[in-house]
Amino acid sequence: MGELKIASAPEVLETVGVGSCVVVIIYDPVTRTGGMVHAILPSKPATASDDGGFRYVDTSITALIHDLIGTGARRDRLVAKIAGGAHMFSLFGDAEHGIGAQNIAKARELLHEQGITLTAEETGGSVGRSVRFDLASGICSIETHM
Amino acid sequence: MEVTLSPLGKDALMEAMNIGAGHAANALSQMTDMKVDISTPRLELIRVEAVSVFTGKPDDIMSVVLVQVLGDAPGVMLLMFPRESALKIAYLLMRKEHALLTEIDRAALREVGNVLAGSCLTSLGNFLKMSFIQSVPNAATDMAGALITSALAEIGKSSEKVLISEVNFMIKELDADGKIFFLFDPSSTQKILDATTKLIP
């Protein structure tokens, strides 16, 4: 959580126990290099200290794209997949306005702004997810425990 | 806001959490008619994303009862059982056995959470001379990481740090265990710290 990882095939990126957080995967299918962020909250507040790390969706996506291009990935080839953004507890207001929904909306908005195609998403609901991304095949697998 | 936790302040908070957890354990003991042991509290003021050090394996399946703490120092209380322990406690309370948690079992667990939160918050309020009010309980069974981080994100909305306190409890006779977590944002932490300093003459 609050992490950014970058790797190349044949590695597999993985994060477990994703609730209202959102996982954003950005991938260059040609170099087969990709990265994953597991962000907790939608946007970095103006009052946040500089070391917000990868807690926020907005700053994490920007950092992820920057780092990927640094490895030789090309911006026009980048594609994205997102997962998570569940609404785990009904006590925290209704699902449409919860942190999970805000995280998903922010991720979609940022990817659109950056001109990166969102090829798949597995988001929302009220169930936790574990996410694996195989950099060799570009396949993202999601595990849930009902 | 910035809060720093002095060794003395930390001791005072741990004592407060110990009193709350002690009363919760006592309530659980009365409900189950079994002896309930509790550990000394573990307490840290940490960055929101560093909380995984508390969650154990994030993909372990846990049953959680969540109660929002309202009043003088808002926060979140979580009661977390491994699924097996949740089943054992639910069986004991419902006096029947089956392999999955039914809606009635979940209601029983929510009620356990309700009673434990009530006794815990009342004793904490009496000790600190503060008013704590509890919300209705919410129950969920899922991966520990998904549950805890979702509760934390609510606190993370307004703060970068969180006070997290963890107490383990064990019912040896039933071979069941669980954890009680308290999560408070820095401003609630400061209010509780202020209340503890007033107790020292």
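The model is predicted. Chain A and chain B bury about 2,500 Å² between them, with zero salt bridges across that boundary. Over all chains the structure holds 14 salt bridges. In chain B, strand β8 pairs in the antiparallel sense with β7 over nine bridges and is joined to β4 by six.

**Interface of chain A and chain B**

- Contacts link 31 residues of chain A with 31 residues of chain B.
- The size of an interface is often given as the accessible area lost when the parts come together.
- Here that area is about 2,500 Å², and carbon and sulfur atoms give 63% of it.
- A:F89, A:L91 and A:F92 supply 29% of the area that chain A buries against chain B, more than any other three residues.
- There are five residue pairs in polar contact across the interface, both residues of each pair being at pLDDT 80 or more.
- The count of salt bridges between chain A and chain B is zero.
- On the side of chain A that touches chain B, β2 (12-18) and β7 of chain A each supply at least two residues.
- The most comes from β2(A), which gives three residues to that side.
- By class, the residues on that side of chain A are 15 nonpolar, 12 polar and four charged.

**Salt bridges in chain B**

- Side chains of opposite charge can pair when their charged atoms come close.
- B:D37 and B:K172 meet through their side chains in a salt bridge, at 3.2 Å from N to O.
- B:D37 is in strand β1 (residues 37-38) of chain B and B:K172 is in the loop between β7 (161-171) and β8 (176-184) of chain B, so this pair ties together parts 135 residues apart in sequence.
- B:K172 counts as exposed because its relative accessibility is 65%, and exposed means over 50%.
- A network of salt bridges links B:K35, B:D37 and B:K172.
- A salt bridge also forms between B:K88 and B:D175, whose closest N and O atoms are 3.6 Å apart.
- This second pair links distant parts of the chain, with B:K88 in helix α3 of chain B and B:D175 in the loop between β7 and β8 of chain B, 87 residues apart.
- The relative accessibility of B:K88 is 25%, so B:K88 counts as partly exposed, whereas B:D175, at 58%, counts as exposed.
- B:E154 and B:K157 make a salt bridge between their side chains, at 3.1 Å from N to O.
- B:E154 has 18% relative accessibility and therefore counts as buried, while B:K157 counts as partly exposed at 49%.

**Strand pairing in chain B**

- Seven of the nine residues of β8(B) are buried, so this strand is mostly covered.
- Strand β4 (residues 75-82) of chain B runs antiparallel to β8(B), and six bridges join the two.
- In β8(B), B:K179 is the residue that stands opposite B:M80.
- β7(B) and β8(B) are also antiparallel, paired over nine bridges.
- B:I164 has B:L183 in β8(B) as its bridge partner.
- The hairpin of β7(B) and β8(B) has four residues between the strands, and B:D175 takes a positive phi near 50° in that hairpin.

**Strand pairing in chain A**

- Strand β7 (residues 129-134) of chain A pairs with strand β8 (residues 139-144) of chain A in the antiparallel sense, over six bridges.
- A:T144 in β8(A) is opposite A:R129.
- Four residues lie between the strands of the β7(A) and β8(A) hairpin, where A:G138 takes a positive phi near 75°.

- B:T32 lies in helix α1 (residues 7-32) of chain B.
- Relative accessibility at B:T32 is 6%, so B:T32 counts as buried.
- The side chain of B:T32 reaches the backbone oxygen of B:L28 at 2.8 Å.
- Apart from neighbours within four places in sequence, B:T32 is in contact with B:L92 and B:I171.
- B:R83 is in helix α3 (residues 83-94) of chain B and counts as partly exposed, at 34% relative accessibility.
- From C-alpha to C-alpha, B:R83 and B:A117 are 20 Å apart in space, and they are 34 residues apart in sequence.

Note on methods: Residues are numbered from 1 along each chain as its sequence is written. Chains are lettered from A and ligands numbered from 1 in the order in which they are written. This is a predicted model: local features need pLDDT of at least 70, side-chain atom pairs count only at pLDDT 80 or more; totals for chains, interfaces and linings use all residues. Side-chain values use heavy atoms; hydrogens and water are left out. Two strands pair if DSSP finds at least two bridges between them. Buried means under 20% relative accessible area, exposed over 50%, partly exposed in between (1.4 Å probe, protein chains only). A polar contact is a pair of N or O atoms within 3.5 Å; within protein, one must be able to donate a hydrogen and the other to accept it, and residues adjacent in sequence count only if both atoms are side-chain atoms. Contact means heavy atoms within 4.5 Å. Buried area is the accessible area (1.4 Å probe) that two parts lose on being put together, summed over both. A salt bridge is a side-chain nitrogen of Lys or Arg within 4 Å of a carboxyl oxygen of Asp or Glu. Ala, Val, Leu, Ile, Met, Phe, Trp, Tyr, Cys and Pro count as nonpolar, Asp, Glu, Lys and Arg as charged, and the others, Gly among them, as polar.
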